[in-house]
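Please look at the structure shown here and consider how two parts of one chain can meet.

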Amino acid sequence: MTLCITNARHLGAPVDLLVDGDRVRTMTPAGQHPAPDGCEVFDAVGLVLMPGFIDAHVHLREPGFEYKEDIASGLAAAAHGGFSAVLCMANTKPVNDTASVTSFMLERAAQSHPFGPRLHPVAAATVGLNGEGMAPLAELKEAGCVAVSNDGRPVENAELVRRVMEYAADLGLIFIDHCEDPRLAGGWLMNEGEVSGFLGVKGQPAVSEAAQAARDIMLAEYLGLPVHIAHVSAGLTLDVIAWGKARGVQVSAETCPHYLLLDDSALAGYNTAAKVSPPLRGATDREALCRAVKKGLIDILVTDHAPHAAHEKDGTLDEAPCGITGLDLALSLTWNLVRENMLAEADMHRLWCKRPAEIFRLPWNGFAPGDPADFFLFDPDEVWTPGPDTMHSKSRNTPFLGQNLHGRVKGHWIGGRRVV
Amino acid sequence: MNADNRYYWPHKDLLDVTQLSGMDTLHLLDLAASFQEINRRPLKKVPTLKGKTVVLFFVENSTRTKTSFDVAAKRLSADTYSLTKSGSSLNKGESLKDTALTLQAMGPDVIVMRHASSGAAAYLAKGLSCAVVNGGDGWHAHPTQALLDCFSLREAWEGRFAGRTLLILGDIAHSRVARSNVHLFSMLGTRVRLCAPRTLLPAGVENWPVEIFSDLSRAARNVDAVMCLRLQLERQQVRLLPDLAEYSRRYCLGSAHLAMAGTDVKVLHPGPLNRGLEIADDIADAPASLVLNQVAAGVSTRMAVLYLLATRRDGKPT
Ligand SMILES: [Zn+2]
C-alpha cells in the first residue's frame, strides 16, 4: 500500500509526502516527482503537515471514572487532536499499580482503536499512589508501562523518591514527578497571590512547586539519573530547572498550553473551569514560561488532559475538582501561540513530537525515510468553537469553551493508516 | 427619604460592596437612617414588605447575623423562614446547586445566605431569579457588616468619611469583614490601616489601598476609629500563631493604644468578642465603644437592604 500526500505545507514550504506501508518513504518539494502509479493520492493544498503529536501526560479515567472519560472517548479526542500516542497517568480506580490494570488499559485501547492512537500507560510509583511503598515496577514495565509517576499525589518522602528513581533506572523507566510540597501547599484552591487574596480563598505559593523540583533535581544529580518535572507552572521552578541543566543534571520538563495562555486572573468570579493542578499562576510566571518554552528550557508540551463531568465543575470553587480537558484543544491553542509569534511551526514539532519521543524513548516521525508514518494535516485557518458538538472527549471542562479557535485536524494517519 | 428622587437601586443582589457605587451606598445609608427612626418607636413594625418572603439560609452558623436579618425582615412585616445546614439536604451530600433550586421553588423574594465557601453567594445568585443577599461567604465578603460599620461611623463622624483614618486590627487574611470594610471605606475616601502579624495578612495585601503595620502602638497613632476583628481560635491548629497569650500581648487593643489615637476615637467589633484576647475588657464597654450601636445599626441597615432588593423593579425608581 502506498500513499501520496501532495501539496501540503510543511515549515512554510509546499511538499509531497510519500508513504510506503507504515513508514515514510520520502518527503520532497511539491511537484518534484509524479505520484507513483496505483498510489492513493490525498491533495492537501492549503493544509499544514505535522508529525503525529505525542502527549506525555493525560488522564483517561478508565478504569473507575468512565463517566468523566473512558479509553475509547479519550483516544477519539486524541485522534481528532492530532495525537498519535498518549501516556496515561495511573490515578485510575483501581490505580495502575499492577500488571493486570496495565493489561486491561491496553486491551481497551486495542479494542476501541486497533490502529491507534497508541496508548502508553504510566506506572504508579507507589502502591495505590499512597506515597508509602514502591509499586512492582518491573512487572508494570513488562506489562507495557513506559514511565513511572505518582502524578496527582506528590511524594513528600525524599528517601522514597530516591529509591523509585534508582529502581526505575534499572528498568529503563524515567520518573515523572508532580512537584508540590504538600504541607507548604495544603488545602489550596488556586495560586497564592493578589487574586486569591482578593477572592478570599486559600492559595498555593509557587515556591511549593519550585522547592520540590529543586529536591528532585538535586537527587537526580546525586544519583546521576534522569528526572522529568511534570506540568511546570511557576517562574521560580524554571530558575531551578535552568540551574540543574547548567550543572549537567539529566532533568527534563513539561508545561501545558493553558499555563502559556492564562494566568490566575482567569479565576475571577470563582470560575471553576480555570481550577487546575498546579494552579494557573501570575502574569509574570506565564511570560517566563512562554520564554522557557521558546528557548527549550521547557522540553515538551503536554495537555495534562483532566476530564471531569459538567456537574462536578458546576458549584463553588472548593467543591469543584481540579482539571482542564485538553486533547481536543491542544493543537488550536498551540497554533494560537504560533499565530501570535510566540512559537514557530518548527517549535511545535520539537515540543509535541521530537523531544517527548526522546525523553520517553518512543518512535517518532521526523519525515526522514524509514520514520513511522505518523502524521496529520490541519487547516490553519478553520475557525471552530469548543462545545458538545465539536469535541470528542466526554468532558467540556475548559476555560476556552465557547471561544473561537483557529486550526482543525482534517486527516490523521498513524502507521500509514488513516484514523481521522 | 433621598433628596435625589431620580436615583434608583440598580442591583438584583447584594453580593459584595465592590458592586456598590458611592451613590448606592449613601442612598442605602439614608434609607437605613429612616428605618432607625422606626426602630426607636414604641411600635417597631411597618407594613412595608407585607406579603414578601425572606428565606434565611445559614449553612455556616451565625446566630447574631441571622437574628439581625430576621428582626429586620419582621419589622418590615415580611415572612421569614429559616433553613440550616442540618435542615437542608446539604449534609446528605446534595450540591449547593440542587439546594438552591429547591429554595427557588418555594418562591421567596429574597434569600439571605451565609456559607463557608468564598464565592458561594455569587454562585447562588447566578442561578436564581430571586434576590440574593450575601450574609457572609468564606473569607471573601460580608457586605451588610461593612454597611452597618459604615452606618455606625457615619453617625459618629457626622457624615464625613474623607480625611478620617480607620485601623482594622487582627486576622485580616481570614476575614470577610476586613475585606468588605477595606473596599467600602476606601471608596468613601477614608484612609485604611491594617495591623496584624504577617501570618494573618492575605497574599497581595501590599497592593490593597491600605497602610500595613505589624506594631499596634505605631498603627494606632492618630486614628479616628479602630475595628477589632474576632480571632478565630481554631486557626491555632494550623500554627499561624505561637500561642494566644503572645497574640494578646502584641495585638490586644487596650487603653494605652487608644491614648495614642485621635481624641474622639471610636472602637468597633463585629462580635462576638473574645474579651482580653483581641480587645481589653474595659475598652469594650468604654464610651468610645460603638459595639452596641453596631447591633442596632445592623437591624436598620439590613432593613434597608431587604427593602431595596424586595421592592426593586428593573430600571424603575424604588
Ligand atoms: Zn499532576
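## Basis of the model

This is a predicted model, in which local features need pLDDT of at least 70 and side-chain atom pairs count only at pLDDT 80 or more, while totals for chains, interfaces and linings use all residues. Residues are numbered from 1 along each chain as its sequence is written, chains are lettered from A and ligands numbered from 1 in the order in which they are written, and side-chain values use heavy atoms, with hydrogens and water left out.

## Buried area

Together the two domains of chain B bury about 2400 Å², of which 64% is on carbon and sulfur atoms; buried area is the accessible area (1.4 Å probe) that two parts lose on being put together, summed over both. On the side of domain 1 of chain B, B:Val17, B:Arg64 and B:Trp139 supply 29% of the area buried against domain 2 of chain B, more than any other three residues.

## Salt bridges

The interface holds 3 salt bridges, each being a side-chain nitrogen of Lys or Arg within 4 Å of a carboxyl oxygen of Asp or Glu. A salt bridge also joins B:Arg176 to B:Glu60, with the closest N and O atoms 2.9 Å apart.
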